[in-house]
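Q: I would like to learn how to read a structure feature by feature. Please take me through this one.

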Amino acid sequence: MSKIIVMIGAPGAGKGTQSRLLSEKYGYPQISTGDILREMAQADTSLGRKIKETMAAGQLVSDEILAQVILERTSQPDCENGYILDGYPRTLNQAHLLEDLALKQRKQVHLARVVVSEDALFKRLTGRRTCAKCGEIYNIYFRSPKVEGVCDLDGAPLAQRSDDNPESVSRRFEEYRRSTAPLIDYYRQSGRLIELDGELPVMEVFEKLCAVIEGPKS
Ligand code: AMP
């Protein structure tokens, strides 16, 4: 049965990094709802402006918009053999919709949570800088570029996400505790949630993740 791999975790826990590695290894597309919404937010329409404001404030975009985004994206042919969800679901309502979708698409849902303490997350997010050209990620606290504000790889300027400032980050944590934490209890009770220590080195987290996704070797 083809798989839907769901990555759950607080903002900055490393869902995106692990999803990208999974996508490279197994060939499943990585569906980042944050990336899709950031692109939609560029449109100079009332929908685009609404999404932009909501994201900049660190709040969640409505379940209705997300339902449409997910349905549209996962109906593309590249999702037929499976896909990775990076940033969805984030509410109980979204989780219920995903169960229905998985049934319809005849796919099995695998759930992995990356756990990182809030102190570490705050530095990861507020210190994060991304190359505007190649997407390489730096951090002013842990992994600064050789020249401040400039990508080591291609010399392009580094940008900070508009929701990575301290106020928005605090709001995103609040949203996470309020909306996404109940989702973790729900999945945990169903006995399907795998929890990984996200403070370990990236490749160690990834190895553990692959082992649980692949299941026991026979
Ligand atoms: P991310 O890139 O995953 O940190 O997401 C950035 C922002 O996009 C979030 O703070 C939300 O405003 C919005 N967003 C992403 N995924 C969802 C979702 N599943 N439900 C609601 N809002 C979302």
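Q: Where is the place of Arg49?
A: A word on the source comes before the case: this is a predicted model. Arg49 has its place in helix H3.

Q: Is Arg49 buried, partly exposed or exposed?
A: The reading rests on relative accessible area: under 20% is buried, over 50% is exposed, and partly exposed is in between. Arg49 counts as partly exposed because its relative accessibility is 42%.

Q: Which residues does Arg49 touch, leaving aside those up to four places away in sequence?
A: Arg49 touches Ala43 and Asp44. As for distance across the fold, Arg49 and Val115 are 66 residues apart in sequence, and their C-alpha atoms are 32 Å apart in space.

Q: How does Thr54 read, buried or exposed?
A: Thr54 also has its place in helix H3, which covers residues 46-56. Thr54 has a relative accessible area of 18%, so it is buried. With residues up to four places away in sequence not counted, Thr54 touches Gln59, Leu60 and Val61.

Q: Which residues are closest to the ligand?
A: The shell around the ligand holds 16 residues, and the closest are Thr33, Arg38, Gln59, Gly87 and Arg90. Gln59 has already come up as a contact of Thr54.

Q: Which element gives the most to that shell?
A: Helix H2, residues 33-40, gives the most, with four residues. Sorted by class, the shell has six nonpolar, five polar and five charged residues.

Q: Which protein atoms lie 2.8 Å, 2.9 Å or 3.1 Å from a nitrogen atom of the ligand?
A: The cut-off to keep in mind is a pair of N or O atoms within 3.5 Å. In the side chain of Thr33, a polar atom lies 2.8 Å from a nitrogen atom of the ligand. For Arg90, an N or O atom of the side chain is 2.9 Å from a ligand nitrogen atom. With Val61 the backbone takes part: one of its N or O atoms lies 3.1 Å from a nitrogen atom of the ligand. As for cover, the ligand taken alone exposes 480 Å², and the protein buries 95% of that.

Q: Now the strands. In what sense do S1 and S3 pair, parallel or antiparallel?
A: The general idea is that strands of a sheet pair through backbone hydrogen bonds, either parallel or antiparallel. Here strand S3 (residues 82-86) pairs with S1 in the parallel sense, over five bridges. Within this pair, Ile4 has Tyr83 as its bridge partner in S3, and Ile5 stands opposite Ile84.

Q: How many bridges join S1 to S4?
A: Six bridges join S1 to strand S4 (residues 108-115), and the two run parallel. Val6 stands opposite Leu111 in S4.

Q: Which residues point one way from S1, and which the other way?
A: In a regular strand the side chains alternate between the two faces of the sheet. From S1, Lys3, Ile5 and Met7 point one way, while Ile4, Val6 and Ile8 point the other way. Strand S1 spans residues 3-8, and six of its six residues are buried.

Q: In what order do the strands of the open sheet come?
A: Three strands form this sheet in the order S6-S5-S7, with antiparallel pairing. Strand S6 (137-139) and strand S7 (158-159) are the edge strands, each pairing on one side only. Two bridges join strand S5 (residues 128-131) to S7, and Thr130 has Ala159 as its bridge partner in S7.

Q: Where does Ser144 lie?
A: Ser144 lies in the loop between S6 and S7. Ser144 counts as partly exposed because its relative accessibility is 48%. Leaving out residues up to four places away in sequence, Ser144 touches Tyr138 and Asn139. Ser144 and Leu103 are 41 residues apart along the chain, and their C-alpha atoms are separated by 45 Å.

Definitions and conventions
Residues numbered from 1 in each chain as written. Predicted model: local features only at pLDDT ≥ 70, side-chain atom pairs only at ≥ 80, totals over all residues. Heavy atoms only, no water. Near = heavy atom within 4 Å. Polar contact = N/O pair within 3.5 Å; in protein donor to acceptor, adjacent residues only side chain to side chain. Areas by Shrake-Rupley, 256 points an atom, 1.4 Å probe, with all protein chains shown as cover. Nonpolar A, V, L, I, M, F, W, Y, C, P; charged D, E, K, R; others polar. Buried < 20%, exposed > 50% of the residue type's maximum accessible area, 1.4 Å probe, protein only. Contact = heavy atoms within 4.5 Å. Pairing = 2+ DSSP bridges.
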